[in-house]
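Please consult the sequence and the structure shown below while reading.

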Amino acid sequence: MKRRKTYYQPKWRPGQDRRKARRRRTRRSFIVTFFVLLALLIMITLGLYRLAPIGKSGEGTYVYITEETTQEEVLQQIEKRILIRYPSVLHRVASWVLPKEKLLKEGRYRIEPSMSMRTLFATLQGGEESLITLKLNRTTRTQEDLIKTLTQELRMKPEELRDKLHDATYCLSLGLDTISIRTLFIPGEYKVHWDISPDSLIATFQKQYNEFWTSERKQLASEVGFSPAEITTIASIVQEESAKKDEYATIAGLYINRLRNNMKLQADPTARYAYGDFSVNRIGKDQLNANSPYNTYKVKGLPPGPICYPETETIDQVLHYKKHDYIYMCAKADFSGYHAFASRYMEHKQNAKAYQAELDRRSIH
C-alpha cells in the first residue's frame, strides 16, 4: 500500500496576519479617537470655565457664607436666583475647585449671571467680599430705629448691637455713657463687611466721629459753653424743629438764649419724641404732658440725649449759631415752613394765635 506523503503545515496563515493588523489599527484608532475626544472635552470645559457666562438669565444675587456653609449650599444659593447655563459642568468644576467642607472664607459675595466660572470661583476663593453700604439719615430718631437701620442687612443680630449700646462699662471705655453714646452715630454712608462684629461696627462710627470733632470744633463747643454731646443734642432739636436749613443757626441761637436765661426750652419736637408718636402734626395736651426727661415742656435744660441723629451740617450751624435776642418762635401762619421769631412774649402770642387760627381753618389736628 502506497503511503500518503505528508507536508509541513506552517503555524501562521496570511489571512490571520491581516486580521491581527486590522485589530491593531482599530485599537490605535480607538485610542487616538479617545484622546482626541478627551482633549476636545477638556478644551470645551476650559472654554466654558474661562469664557462662558454661568447664567442664561436671572438677576444677580448675593451668596452668604458662614463657618457652617458647605459647597453644595453655596451652589444652591446661586441657583435660586440664576438660571445656570451648564449646571452639570458647574457642579463638576465646583467639586474640583471649591473646598468641600466648611473651608470657604466667610462673607457676602456678589454673583452675576454674566460671570464666567473662573471669575465666580476666584471671587469665592479669593474672599473678594461685596461690602454693604449702611445709610444713616436724619429720619432715624430713636435708638431702636438706629439698631434696626444698622443691622437689617448685616449678619449681626439686633440684640448683639443693643447689648453693646446698653453696656455701661463698654460705653465708659469710649468716654461716653449709655445715653451719650448715641451722639457717636453721625449720619452718612458707611461701607462695612456683612459679618462685621458689634465692636468693629461701633469703631467705624467712632472713627468718623473723631474725624468730625476736630480740636477746632471742640474749641468752638467750649466757647459756646457746651460739650460735643450737648451740642449734638441741641442740633437734634434744631433739625427736628425745621426743614429749612437756612434758619438752623437762628433757631440754635434761640435755644442757647433760653438755656442761658435758665428757661425751659419748650421745644415741640421734644414733646413729640417723649410721647413716642412721630406722626402727630399738631402738638396738643397729650404730647405736652408726656412724662419723660425728654419733654422740655416739663424738664428744664437739655434732654438727656439727642432726639434724632443730626447731620454734620446741622451741628456746624449750632457751633456757628446766630447771636440775637430771640427767645420765642412759632411756625409762620403762611405755612411756608419758616418760623416767626420774637423777643417779647406779647409778640410771640400774636404769632401763635395767627398760626393756631390757620390750623383750625385747615382742619389740621
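Is Arg361 exposed or buried? With a relative accessibility of 62%, Arg361 counts as exposed, because the cut-off for that class is over 50%. The coordinates belong to a predicted model, and the values that follow are computed from them.

**Overall composition**

The protein has 365 residues, and buried residues make up 41% of them. Its secondary structure comes to 15 helices and eight strands. Of the contacts with a separation of 6 or more, 65% are between residues 24 or more positions apart. The protein exposes about 21500 Å², of which carbon and sulfur atoms supply 51%.

In soluble globular proteins, nonpolar side chains tend to be buried together. In this model the largest nonpolar core has 56 residues, and Phe185, Leu201, Ile231 and Tyr255 have the most contacts inside it. Helix H11, which spans residues 248-260, gives the most to this core, with seven residues. Leaving aside residues up to four places away in sequence, Ile231 touches Trp213, Ala221, Val224, Phe226, Ile315, Val318 and Leu319.

Apart from this core lies another, of 20 residues, which includes Val63, Ile65, Val74 and Ile84. Val63 has its place in strand E2 (residues 61-65). With a relative accessible area of 0%, Val63 is buried, because the limit for that class is under 20%. Where does the side of the chain around Val63 make contact? Not counting residues up to four places away in sequence, Val63 touches Val74, Gln77, Ile78, Gly107, Arg108, Tyr109 and Ile111. The C-alpha atoms of Val63 and Leu124 are separated by 9.0 Å, although these residues are 61 residues apart along the chain.

**A paired strand with two faces**

In a regular strand the side chains alternate between the two faces of the sheet. Strand E5 (residues 132-136) has a covered face, made of Ile132, Leu134 and Leu136. Thr133 and Lys135 form the uncovered face of E5. E5 pairs with strand E6 (residues 188-192) in the antiparallel sense, over five bridges. Within this pairing, Tyr190 of E6 is the bridge partner of Leu134.

Phe30, Ile31 and Phe34 make a nonpolar surface patch of about 320 Å². One of these residues, Ile31, is found in helix H1 (residues 14-50). Ile31 is partly exposed, with a relative accessible area of 41%.

**Salt bridges**

Side chains of opposite charge can pair when their charged atoms come close. The count of salt bridges in the model comes to 15.

| Salt bridge | N to O distance |
|---|---|
| Arg155 and Glu106 | 3.1 Å |
| Asp316 and Arg217 | 2.9 Å |
| Arg361 and Glu358 | 2.7 Å |

The side chains of Arg155 and Glu106 meet in a salt bridge. Arg155 lies in the loop between helix H5 (143-151) and helix H6 (158-165), and Glu106 in the loop between helix H3 (87-97) and strand E4 (107-111), so the pair ties together parts that are 49 residues apart in sequence. Both ends are partly exposed: the relative accessible area is 32% for Arg155 and 29% for Glu106.

A salt bridge also joins Asp316 and Arg217. This pair links distant parts of the chain, 99 residues apart, with Asp316 in helix H14 (residues 312-319) and Arg217 in helix H9 (residues 215-224). Asp316 is partly exposed, with a relative accessible area of 22%, and Arg217 is partly exposed at 21%.

Arg361 and Glu358 form a salt bridge inside one helix. The two residues are separated by about one helical turn, because they are three residues apart in helix H15 (residues 345-361). Arg361 is exposed at 62% relative accessibility, whereas Glu358 is buried, with a relative accessible area of 14%. Elsewhere, salt bridges that share partners join Arg138, Lys245, Glu311 and Glu313 into one network.

Terms used. Residues numbered from 1 in each chain as written. Predicted model: local features only at pLDDT ≥ 70, side-chain atom pairs only at ≥ 80, totals over all residues. Heavy atoms only, no water. Core = buried A, V, L, I, M, F, W, Y, C linked by side-chain atoms within 4.5 Å. Buried < 20%, exposed > 50% of the residue type's maximum accessible area, 1.4 Å probe, protein only. Helix = DSSP H or I, 4+ residues; strand = E, 2+ residues; numbered from the N terminus. Contact = heavy atoms within 4.5 Å. Patch = residues over 30% accessible without salt bridge, like charges linked within 9 Å, V, L, I, M, F, W, Y side chains within 5 Å. Areas by Shrake-Rupley, 256 points an atom, 1.4 Å probe, with all protein chains shown as cover. Salt bridge = Lys/Arg side-chain N within 4 Å of Asp/Glu carboxyl O. Pairing = 2+ DSSP bridges.
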